[in-house]
Amino acid sequence: MIPPRIKYKKGELDILDQRLIPWKVSILKAKTYQEVSKAIKDMALRGAPLIGCAAAYAYVLGFENKKFSSSTQALNHFYKIKKVVNSARPTAVALFASSERMEKKVKEAIYSKDSLNLKDRIYNAVLSEAKLIEKEDIDSTISMAKFGTKLLRKNSRIITYCNTGALATMGIGTALGVIVKGYELGKVSFAYACETRPYLQGTRLTIWELQKNHVPSALMTDNMAAHIMKTEKIDAVIIGADRIASNGDTANKIGSYELAISAYYHKIPFYVVAPIATFDLSLKNGSEIKIEERSEKEVTEIRGIRIAPKGINVRHPAFDVTPNSLITAIITEKGIISPVNSSKINSILNL
Ligand code: MRU
């Protein structure tokens, strides 16, 4: 069993500290919205859907026991929280989607005619919205696994990237959810987890989840993928997404694009599994997606030990964008998008 990733109880959000997995299962207690935002920024929790859920609970903590003398004061407090939450990480759209949903609920609560006092109206509204966001996330993972496994032949051998499992969501995961469910159904016989340099989500998290779910699997370094595709039978590459533009261009962990090119060359289907909350229809294409640049230390150090010489230049874009032309299908909780283009996306999203 994968331990609960986040758990809200009055006064705190318990966060499973993913920086310590697989060595230690440890809970970080965030007592304020600022602490939740810091936990997101510092990668104590990560994965687009989970970031969205945690962001929602940041608002709950922010409005707990908070009294206001006027609607304006309450609204200003909301914007103070939003500024901090939205600055945690830029690429995963789920974080911003949670903020937008919270803004709507806070405004409704402020201007509602309900006889309850202002403080309780807002708190109740943000708490029930956070619970709804969490529930929708759980339900969507189950539905994506249903659709995703339909695309797989019996005994498929899969390559996956980064961590898209239970650890990245409140449910069973996106891409890894399909793989684990696929194994239960006899659709998956083996999974390769790429280590996912530089932050090593594959090495630390994905292979741990595969092991815990008893899925026959192996860890490989990212630069082994093309060789494995050429020399072994690989039936599909399955990854998650952080933000998808209206034409289907998909931002995901750095290295996803390279994997898509290799899959295309070897004629292997390349699937993206992502809830509809991952689509950002305000963007025409992937060139408009903001790519997070993270600390160079994540490249030059491993667990605090420097592995590169001092005084060098380092780059660390944490995400890249795979063009729609390299994606065989996007699997959402509403259905399968294939071919990947604007009109097919609209038809599935409007179902
Ligand atoms: O930097 P991370 O670990 O938050 O990046 C995670 C990914 O890139 C995942 O593939 C993506 O969020 C989809 S998770 C279901």
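Which polar backbone atom is 2.9 Å from an oxygen atom of the ligand? In this predicted model, that backbone atom belongs to Ala 48. Two side chains join in as well. Arg 46 puts a polar side-chain atom 2.8 Å from a ligand oxygen, and Asp 242 does likewise with a polar side-chain atom at 2.9 Å from an oxygen atom of the ligand.

Now for the shell as a whole. There are 17 residues around the ligand, and those that come nearest are Arg 46, Arg 89, Gln 201, Asn 252 and Lys 253. Sorted by class, the shell has seven nonpolar residues, six polar ones and four charged ones. Among secondary-structure elements, the helix α2 (48-63) supplies at least two shell residues, and so does the strand β9 (250-253).

In general, most peptide bonds are trans, and most residues other than glycine have a negative phi. Two cis peptide bonds can be picked out here. One joins Ile 21 and Pro 22, with omega at about 15 degrees; Pro 22 is found in the loop between β2 (12-16) and β3 (27-30). Another runs from Ser 338 to Pro 339, with omega near 0 degrees. Pro 339 is again a loop residue, placed between β16 (336-337) and α11 (342-349).

Then there is Met 43, which is not a glycine but still has a positive phi, about 70 degrees. Its place is in the loop between α1 (33-41) and α2. The helix at the end of that loop, α2, brings the story back to the ligand, as α2 is one of the elements with at least two residues in the shell.

Conventions
Residues numbered from 1 in each chain as written. Predicted model: local features only at pLDDT ≥ 70, side-chain atom pairs only at ≥ 80, totals over all residues. Heavy atoms only, no water. Near = heavy atom within 4 Å. Polar contact = N/O pair within 3.5 Å; in protein donor to acceptor, adjacent residues only side chain to side chain. Helix = DSSP H or I, 4+ residues; strand = E, 2+ residues; numbered from the N terminus. Nonpolar A, V, L, I, M, F, W, Y, C, P; charged D, E, K, R; others polar.
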